[in-house]
Amino acid sequence: MHKKTFMRIVYSIVCCIFLFSGLSSAQTYTFKNYGAENNIPSGFVYTINQSDDGFLWVGTSNGIARFDGFDFFPVQYPDSSMNRYPTSSLRDKTGSIWYGCSDGSVFYEKDNKLFKVPIANTRAISDLVESPEGHIYIVPQGKAIYIVNIANPQVVSTYFMPGDPSMSSASLAGNGSIMIGTQENLLKCSFKNDSVIVENEITGFENSNITAIHPTEDSTVYIIGTEDFGLFHLKLSGLNYTLSRFSGHPELDILSVQALTDDVEKTLWVSTKGKGILQLDLSVDHKTVLMSRHFDISTGLTADYVKTVMQDIEGNYWIGFYGEGISILSSYAFGYYTPGKNSSENNIIFAGSYQKNYLLGTPTGYHIFDVESGKSKSFTTLTSQVGNIEINTYYIDKNETLWIGTAGKGLYYKPLSGGVR
């Protein structure tokens, strides 16, 4: 075996151990699943979007369907083709949903009907991107990039790619330029006449397919997802760039990333093939992982092969799988913790921030609880210190003094350091 290949295998095994070592005690979440019994056209879900009327539009390997909260209803294409399926979608600023398909065709939705964009293309659509000016950039797997004005979708501008690279993802890069992910590297491109001009070629991805390019609030910083080598942090400076990893998180280096999406709180959701979903809270410069959550089969997710995640207008998360339909995570409130060893220690009557963790109070004592690990760090019994009577309530003041109210024995308090008085 080649030495480099052997070292990659060893590194991947070590990272997998690191990633999954703590999952046996991780939080379990409650998901609602939708499959064949709900008339979904196929369990292979490629895209999920939501229209202004609240309906979900779901792109599957057997066509597009609208979901009314109970069942899926097929959406007909305006032509007679039966062999296409959507490979990408986009909700534009006017609320219309756009679809790029496996046969190279593109459609947009208006008044719950699909209309075809007249482009001369036969290659599957890899990505759709919208500019602030209201233009849709259509990026197929090769040959050319097409630009359409939302106000007049029947007029298409065509720009030919030099060298015909295999394109797999895209993102805007400001000043009329665009980032194009290929099966080997990342290209920063601009447009001139009827051609795409490659301004910069960004390498260092070990020839792995660039599956997702996620822009941040900083127009010079991107999070890059690859098919074989996980996540990268990219910082642009003119024609120069810095490509780096997320220090302290080697598990992020081995993911097969399918999509990158942020939610209203700007946390990053990473859809993967084989390792479920990761949710990352990044630092202001997007170089450091401040918090991470992992959703997979062991924490309640239906399957570990995830194609896409979408947050709806009510804050729910919709998850599309490779073959297992759709799941919805309604809220983190539906996550279920059992910090104690018995029913008495799990009878939680109070929760509050305390000493950089959480204090979970029970009628007999309290847990110091770590949300990140989903585990109780300690349990302190207070029964004998409060007159052998049940505790009714707790309160934590600004000095982190813990106040303890009892059922008949008065009020007790416990300073940050010291015993109960």
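Mentor: A residue is called buried under 20% relative accessible area, exposed over 50% and partly exposed in between (1.4 Å probe, protein chains only). This is a predicted model, in which local features need pLDDT of at least 70 and side-chain atom pairs count only at pLDDT 80 or more, while totals for chains, interfaces and linings use all residues. Residues are numbered from 1 along each chain as its sequence is written, and side-chain values use heavy atoms, with hydrogens and water left out.

The cavity comes first. The term denotes a set of points on a 1 Å grid over the protein atoms alone where a 1.4 Å probe fits but cannot get out, and lining residues have an atom within 4 Å of a point. The residues that line the largest cavity are T261, D262, D263, W269, V309, M310, Q311 and Y317. Two strands, β22 (257-262) and β26 (306-311), each give two or more residues to this lining; strands (E, at least two residues) and helices (H or I, at least four) are DSSP runs numbered from the N terminus. The most comes from β26, which contributes three residues. By type, the lining holds four nonpolar, two polar and two charged residues. Here Ala, Val, Leu, Ile, Met, Phe, Trp, Tyr, Cys and Pro count as nonpolar, Asp, Glu, Lys and Arg as charged, and the others, Gly among them, as polar.

The setting is as follows. Of its 421 residues, 50% are buried. Among contacts (heavy atoms within 4.5 Å) with a separation of 6 or more, 43% join residues 24 or more positions apart.

Y34 belongs to strand β1 (residues 31-34). Because its relative accessible area is 7%, Y34 is buried. Beyond four places in sequence, Y34 touches F67, G69, F72, W318, E324, G325, I326 and I328. F70 is 36 residues from Y34 in sequence, yet the two C-alpha atoms are 9.1 Å apart. A loop residue can be buried as well: N209 lies between β17 (195-202) and β18 (210-215), and it counts as buried because its relative accessibility is 13%. With neighbours within four places set aside, N209 contacts S168, T182, Q183, G225, T226 and E227.

Two other loop residues are exposed. N175, between β14 (167-174) and β15 (177-182), counts as exposed because its relative accessibility is 87%. Its phi is near 55 degrees, a positive value in a residue other than glycine. K356, in the loop between β29 (350-354) and β30 (357-361), is exposed because its relative accessible area is 85%. Phi of K356 is also positive, near 65 degrees.

Confidence must be considered last. The mean pLDDT, the predictor's confidence in each residue from 0 to 100, is 89, and 92% of the residues score at least 70. Over residues 1-25, pLDDT stays under 50, and the model has 29 contacts beyond four places in sequence for them. Where pLDDT is low, predicted coordinates should not be read in detail.

How values were computed. 1 Å grid on protein atoms, 1.4 Å probe; cavity = no way out; pocket = protein on both sides within 12 Å on 5 of 7 lines; lining within 4 Å.
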